[in-house]
Amino acid sequence: MTRKQKRLAVIAGGVGVLGVAVLLVLFALQEQIVYFHSPTDIAEKPVNPGTRIRLGGLVAENSVARGQGTTVEFAVTDTANTVEITYTGILPDLFREGQGVVVEGAFRPDNALFVADTVLAKHDETYMPKEVADSLKKQGVWQGNEE
Amino acid sequence: MIVELGHYALVMALAVALIQSVLPVIGSIRQDAGLMALAPAAAVTSFFLVLLAFIALTVSYVTSDFSVQNVWENSHSLKPMIYKISGVWGNHEGSMLLWILILVFFSALVAFFGGNLPAALKANALAVQAWITAAFLFFVLLTSNPFQRLNPAPIEGRDLNPILQDVGLAIHPPLLYLGYVGFSICFSFAIAALIDGRIDAAWARWVRPWTLAAWTALTAGIAMGSYWAYYELGWGGWWFWDPVENASFMPWLAGTALLHSALVMEKREALKIWTVLLAIITFSLSLLGTFLVRSGVLTSVHAFATDPTRGVFILGILVVFIGGAFSLFALRAQSLKQGGLFAPISREGALVLNNLFLTTATLTVLVGTLYPLVLEAVTGSKISVGPPFFNLTFGPLMVPLLLAVPFGPLLAWKRGDLLAVSQRLYAAAGVSLLTALAVVYFATGAPVLAALGIAMGVWLICGSLTDLAYRAGAGRVDLQVMWQRFKGLPRSAFGTALAHLGLGVSVIGIVAVTAFSTELVTTMKQGGQTVSGPYTLVFEGLRPNTGPNYTELQGRFAVSRDGEQFATVTSAKRIYTARRMPTTEAGILTIGPSQLYVSLGDETPDGGTVVRVWWKPWVTFIWIGTIIMSVGGIVSLFDRRLRVGAPAASRKRAAAAEQAI
Amino acid sequence: MMFWVLAAVLTVAATISLLVPLARTVSRQDNATEHDAEVYYDQLREIDRDIEAGLIAGEEAEYARAEVGRRLLKATNANAKSRPGSSLSSAARYVVIVFLPVMAVIGYLAIGKPGMPAQPLAARIQAPANDETDIRTLIAQAESHLASNPGDGWGWDVLAPIYLNLGRAGDAETAYRNAIRLLGSSASRQAGLGRALFAESGGIVTAEAQAAFQAAEDLEPGNPLSSFFLALGLAQEGNYAGAKAAFEKLAANSPPDAPWMPQVQAHLKGINANLAAAGEAAPGPDEEDVAAAMEMSPEDRMAMIGGMVDGLDARLRDNPDDLDGWLRLVRSYMVLGEPEKAGDALDRALLNFEDGSAGRLALTKAAEQFGLTPQRVE
């Protein structure tokens, strides 16, 4: 092979790998990303049951109730709207009423209850998940100490 | 007084860095030996100045000097001594100071061990280091000064976030920074070479030990961070594809590529432009990581001490350095001469393949990490890109790469014989396939993918051993000669083999945990029992306990197999007194290479306790593998050849050269 | 002074270390190509070793040697020698001597605090207490003692009430809990814990506080402290009948000149007033109101709260003896961010309570807590 051919081979290989990677990325971005919603977003524009979303807000006061065994029910609110959540598992240490959380999961087909499989509360007591902070600021409820 | 002296030293370090930024460059342009010799002296001086500042801050922490705002915000007089010290870098200001300390430490190392470097290269590289140092010193002094004082001093501090009160903090950030910041040397060498216009095979050899050192530290740092998150967060996961993790993983991927492409450049003078570009990219990714972690622009489960306003400053530094470097690169890349030729099937070809896959993988991680930012800026919708994305994009790219690894070291330079190499690898392939069959057989119903994944790990291990055996002359010479040769092999050969072997071990751990771990969440009352993997856990109840700065409720579990109790495992829910912050301490029982992981939850109204139990077979292989990889890096570092270049020209060598030509 | 001496030493040391390479006459001139050549010699030796080990065969080895040889030739042909220190070096010397100290001193003066000494905690604690016997220093001493002996229950027991009196309710709670854990439960510790929790929640007998007071009551039935707070808790729940009975029982069991009697009487008065008014209007928001408040927009909620406060204000004009009501009103105005109205309410409240009465005391205390100064103090 000449120098030119070899270089072409390398370039062709590179483009091939890159092409596969781009296809994978595009496919994955279509299928695997999770949108973030606030309870108000959901009230305004309901999400299809079964679609995985992230939902953020404050844990509503007096909403946490332990159900059967390891199942917990609580509500996430941005003070304007509230979504009921059911979750099975161990809640994070800093999960408290009034604390900001992000839950991930999907609405049940009857669209009443949000079944979460992940509950995130940051491991820092002054922390407010960024998305939650933004959406609460939009509601005018939370004055962050960042600005 | 020590506090203010440290502060003064830090300001003076900036002055020294500014001198070191300018004069050596002038010296290298004008070929002035004096000005060039200034660079190493200034590098060592600023190292000692920053060290003094760092010691001053550490002393303030150790003596609980709450007149220093940083100490007051992050320390407490009741904290155990080790956390007082590690608390120095458990916050934004202190960790930036550590960042700079490591930066000037590397500069000082270049000054000290750089006797084999041409004076101009050394002077320019150290000047570029000084640019970075000066930029970050400005950043620290102007926006994140750890020496802010409080008067009058508060009587008690606000304590360090309890999550950070762990040995993990003592080890993980320093190692990680050694890696992150170590790549600055590669960057500086690349810029220096571009300024100087001399980029040749010798340059690659001089860059390699620094790449290797940084890579080794980063490997260990990432592994340490992963294990820390694994046992501290109590979620049982060891990698979350979290932005902060990706921020450290991207420089690692690019650095790994750099390590391999520098090899090609050193041996064959090929891939020059690419290697220089990679050196710039790798450190740019380190800077990007620092920015992402510090600014808090991305939501992360690990990030502490973030401050968006300061992020802008780092973004500025990022733009100037990356933009400047790429401009210089674009300006000079044309003038670089082509290097040696090679066939697609050759050692070079294999290394190009390695680079291709690693950089593409870096790119997918970069896309996944930054996509949420871009999308929010463009459309305003908020998304999160989680593990499924990365598993789908990063995973497939790794498979061909891992399959190709054993071929690389066995292929000849320039033109290789794939068939011959395949023959040498028959044994390795055979063992791997047998392993796959064995996995399927023993774990009845085992997924085929898992079996193949484990076989891949075995393939990597056997492949690297095959490489060593071949180099020692297995099959061609008798055992005694083989042993002699084996002992005589260059250290880097062992380094390569160890690194590839470690990779295989990690792969086995990752596949085994992904495929075979079991998880269960249940409510247990005292005396109740549950089964996890082959073990039975009996809950012995909760009891209170007090530590130096916390109180906790411990849950004890007796672990038995086949009715025979052989260990207990304890998980706890802690409350740290100063911040009144609750944490969960996972109970981890290591059984062989596997682990039983127990995490306590809340108490239920009916008097039970929520308990989460994982059985994680072979999980420790993940970190054992990375340790082996790091050891491989260290072994390579001791290769004699990496220190060559100091002129001690003797007639004999000249004669050897004449003979060669 | 000492600081500047050390700073000067540091400056001089740094300056000299930078001047040394500039002053040194370079003995051997560095030639960049020699470094390169050295690397290539080594590569040649490596090829030799590989041949010896049988890793590369004859022809390939020859090619490799030739390639490295060409590099070597190229490197040795180029010749760039650096010049020893010249006029540039002396110019650089001045730059270093002037720039380094000036920049360091000016930069430091702009952001540093040169005169400020380090203040390690240990030194501050060991320093003899000044004339005022700084209580904070004493506490710090006790804290550092407890840091090294966290199992010293008596230490916690002594410290706990001090914290409580200083208003450090959270620390008091921790100290009481530690004392209870280490020394066992006692009526005074449980009652103290209850008071700490009471203070932490801003003057509300929470369920947790109630449990602590109940524990104290169980250990020592009729303990006036726990009886008093349990009664107050009932009143705060809106159980005025129960509260009345509890306060009356406490009054009956106490000597008439007991220090808490005025407080008890004041509360009884307020409760009676509430009981009288109970028929017409509920004293506080009921659950439905609260639930409604949760769903309102912030503005609406503020309006609703404002309405309730106005109602309370109006009711107090008719029932001016209700101490709890007045306290609640002052606090509500403060929470709503209307300190003038709070001050006004305070003044009106003070009119109804004599000098030296328990009610007056409670009001002045509340005023202090909110940073209010009564306008019309006779």
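Axes here are lines fitted to C-alpha atoms, for helices over the stretch in contact, and angles run from 0 to 180 degrees between N-to-C directions. Helices (H or I, at least four residues) and strands (E, at least two) are DSSP runs numbered from the N terminus. This is a predicted model, in which local features need pLDDT of at least 70, side-chain atom pairs count only at pLDDT 80 or more, and totals for chains, interfaces and linings use all residues. Residues are numbered from 1 along each chain as its sequence is written, while chains are lettered from A and ligands numbered from 1 in the order in which they are written.

**View 1. Helices α1 and α2 of chain B pack together.** Helix α1 spans residues 2-29 and helix α2 residues 33-62. Their axes lie 8 Å apart, at an angle of about 160°. That angle makes α1(B) roughly antiparallel to α2(B) (over 145 degrees). The crossing is left-handed: the near helix is turned anticlockwise from the far one by less than a right angle. The α1(B)-α2(B) contact holds 27 nonpolar, eight polar and no charged residues. Ala, Val, Leu, Ile, Met, Phe, Trp, Tyr, Cys and Pro count as nonpolar, Asp, Glu, Lys and Arg as charged, and the others, Gly among them, as polar.

**View 2. Four strands of chain B form an open sheet.** The order is β2-β10-β9-β8, with antiparallel pairing. Two strands pair if DSSP finds at least two bridges between them. Strands β2 (518-524) and β8 (587-591) are the edges, each pairing on one side only. The twist averages 15° from one strand to the next. Five bridges join β8(B) to antiparallel β9(B), residues 594-603. B:I588 has B:Y597 of β9(B) as its bridge partner.

**View 3. Chain A meets chain B.** Chain A gives 36 residues to the contact and chain B gives 43; residues are in contact if their C-beta atoms, placed from the backbone, lie within 7 Å. On the chain A side, α1 (3-32), β1 (33-37) and α3 (130-139) each supply at least two residues. The largest share, 14 residues, comes from α1(A). By class, this side has 18 nonpolar, eight polar and ten charged residues. Three bridges join β1(A) to β1(B), residues 383-385, and the two strands run antiparallel. A:I33 has B:V385 as its bridge partner.

**View 4. Chain C meets chain B.** The contact takes 71 residues from chain C and 74 from chain B. Helices of chain C that each supply at least two residues include α1 (2-23) and α4 (87-111). The chain C side divides into 42 nonpolar, 16 polar and 13 charged residues.

How values were computed. Angles under 35 degrees count as roughly parallel, over 145 as roughly antiparallel, 65 to 115 as roughly perpendicular and the rest as oblique. Two residues are in contact if their C-beta atoms, placed from the backbone, lie within 7 Å.
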